[in-house]
Amino acid sequence: MKSDLVLLAALAGLTQRASAQAQGYGQCGGVNFNGPTNCVSGWTCTYSNPYYSQCLPGGNGNPGGNTVTVTITQTTTIRDTTTVTSTNWEYETITETVTENGGECTQTPNPSCNNDRSFDLFGVNEAGAEFGTKIPGVLGTDFTWPTHESIQYFLDKGFNAIRVPILLERVAPPANGLKDPSKYNQGYLSGLYGTISYITANGGKAIIDVHNFGRYNGEILTDVEGFGNFWQALSSWTNFNDNIIFDLMNEYHDMDNGLVFQLNQAGLSAIRSNNIGNLILVEGNAWSGAWHWVDNNDMLKYLTDPRNNMAYEMHQYLDEDGSGTSEDCVSETIGAERVESATRWCEDNNVKCFLGEVGAGPNDVCRAAVEGLLCALKNSDSWIGATWWSAGPWWPSDYFQSIEPPNGRAVEIYVPLLESFL
């Protein structure tokens with residue numbers, strides 16, 4: 001099911017509400033917004049777009065704050081698809097159409113690569129610091145950091161992007177919440193800084209990935225102001241380093257799209273309030289899947305970044321349900337097919353996009369599918385790169401997507417393939 005938002009009238013009127021006050025980094029206006037439009041003292045309700053105004057630092061609040069009212073309609077077109085509905089989002093499975101020629105079925109071949117273009121960022125995830133369920137957990141027992149040897153292995157081969165997943169609860173213990181950086185876990189942060197400092201000191205770019213799926217302490221994250229405070233603090237501690245990239249939140253899912261928008265905008269605004277120009281990656285709802293991005297995350301095109309240095313991060317796996325849990329890929333062309341609509345969205349909106357996770361089984365069908373996907377990305381100027389899922393010292397020997405050197409199951413088939421895209 002495809003949904004097209006049609007803007008019928010803008011600036012239909014200004015209304016005033018004088019009830020409760022919106023908190024810092026919280027929403028204070030926009031289409032269908034019914035909450036408070038005046039900000040707490042020291043914050044100003046700042047217009048971003050017809051869909052979103054936000055309380056940002058500065059001023060003495062705005063009693064009765066103004067909000068723009070815009071009328072929209074939603075047009076829904078039903079195609080011949082099978083739709084599976086979850087809480088707040090929809091999946092659609094489209095039956096692939098093939099033609100018969102001489103009694104044999106033929107598929108559209110994978111695209112050829114644009115070899116005149118190189119990616120800005122290309123590399124690997126280094127998992128481990130987000131492992132385990134114990135909070136804060138014990139280093140070496142419940143979680144681990146990537147080894148310098150593994151990081152250096154990829155840097156020596158020419159990969160320049162290392163994505164480092166972390167847990168929000170290990171930085172900001174739930175007993176204290178997100179708002180007070182003085183209570184953050186300095187031991188865990190020391191491990192993070194050591195890892196990203198090694199990456200950047202040796203010529204790489206380190207992507208800090210809050211790997212929480214839109215959750216905090218086991219619940220959907222709703223503390224928008226606290227999330228802004230977290231990113232304001234973390235970015236201020238790392239602003240000495242232009243080669244650090246901020247991945248605000250990994251794979252929101254089963255959440256209200258408005259909340260996903262607010263959390264992303266809070267992170268963007270908080271980082272920029274420190275006068276930091278580093279690249280920021282924003283992810284979407286529905287696990288940030290590229291194949292369903294247009295259906296679930298079109299509203300994110302209204303996010304605003306005063307430094308104009310952000311990219312939309314998507315993920316894509318090539319097994320039947322797109323979860324990355326099976327080493328069997330749907331077909332040799334499924335990779336290019338699953339990023340096609342997302343590529344059009346990136347191009348149509350003139351935005352940068354990044355594939356933060358891609359993975360598949362170590363077999364010939366999947367190899368062809370991954371190659372087709374990466375060629376599809378390389379053929380569009382909108383895609384700035386990709387990182388493979390995953391390396392990391394604690395993957396079991398039978399994990400089919402592991403490219404942890406030297407003996408990860410996928411090293412032999414995928415490291416040479418990925419090198420060919422450098």
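User: Which side chain meets R272 in a salt bridge?
Analyst: This is a predicted model. In it, the side chain of R272 meets that of D305 in a salt bridge, at 2.7 Å from N to O.

User: Is R272 buried or exposed?
Analyst: R272 is buried, because its relative accessible area is 9%, and buried means under 20%. D305 also counts as buried, with 13% relative accessibility.

User: Why would such side chains pair at all?
Analyst: Side chains of opposite charge can pair when their charged atoms come close.

User: How many salt bridges are there?
Analyst: The count comes to 14 salt bridges.

User: OK, what about E357, which residue does it form a salt bridge with?
Analyst: E357 forms one with R163, and their closest N and O atoms are 3.0 Å apart. This pair links distant parts of the chain: E357 belongs to strand β22 (residues 353–359) and R163 to strand β15 (residues 161–166), 194 residues apart.

User: And are those buried or exposed?
Analyst: E357 counts as buried at 4% relative accessibility. R163 is buried as well, with a relative accessible area of 0%.

User: Which residues are linked in a network of salt bridges?
Analyst: The network links R163, D209, D247, E283, E313 and E357.

User: What does E419 pair with?
Analyst: The side chain of E419 meets that of K157 in a salt bridge, with 3.9 Å from N to O. The two are in distant parts of the chain, E419 in helix α10 (residues 411–419) and K157 in helix α1 (residues 148–157), 262 residues apart.

User: How accessible are E419 and K157?
Analyst: E419 is partly exposed, with a relative accessible area of 29%. K157 is partly exposed too, and its relative accessible area is 29%.

User: Changing topic: where is T343?
Analyst: T343 sits in helix α8 (residues 340–348). T343 is buried, with a relative accessible area of 11%.

User: What is T343 in contact with, leaving aside neighbours within four places in sequence?
Analyst: T343 is then in contact with S380 and W383.

User: And how far apart are T343 and W293?
Analyst: They are 50 residues apart in sequence, and in space 9.9 Å separates them, C-alpha to C-alpha.

Methods: Residues are numbered from 1 along each chain as its sequence is written. This is a predicted model: local features need pLDDT of at least 70, side-chain atom pairs count only at pLDDT 80 or more; totals for chains, interfaces and linings use all residues. Side-chain values use heavy atoms; hydrogens and water are left out. Helices (H or I, at least four residues) and strands (E, at least two) are DSSP runs, numbered from the N terminus. Buried means under 20% relative accessible area, exposed over 50%, partly exposed in between (1.4 Å probe, protein chains only). Contact means heavy atoms within 4.5 Å. A salt bridge is a side-chain nitrogen of Lys or Arg within 4 Å of a carboxyl oxygen of Asp or Glu.
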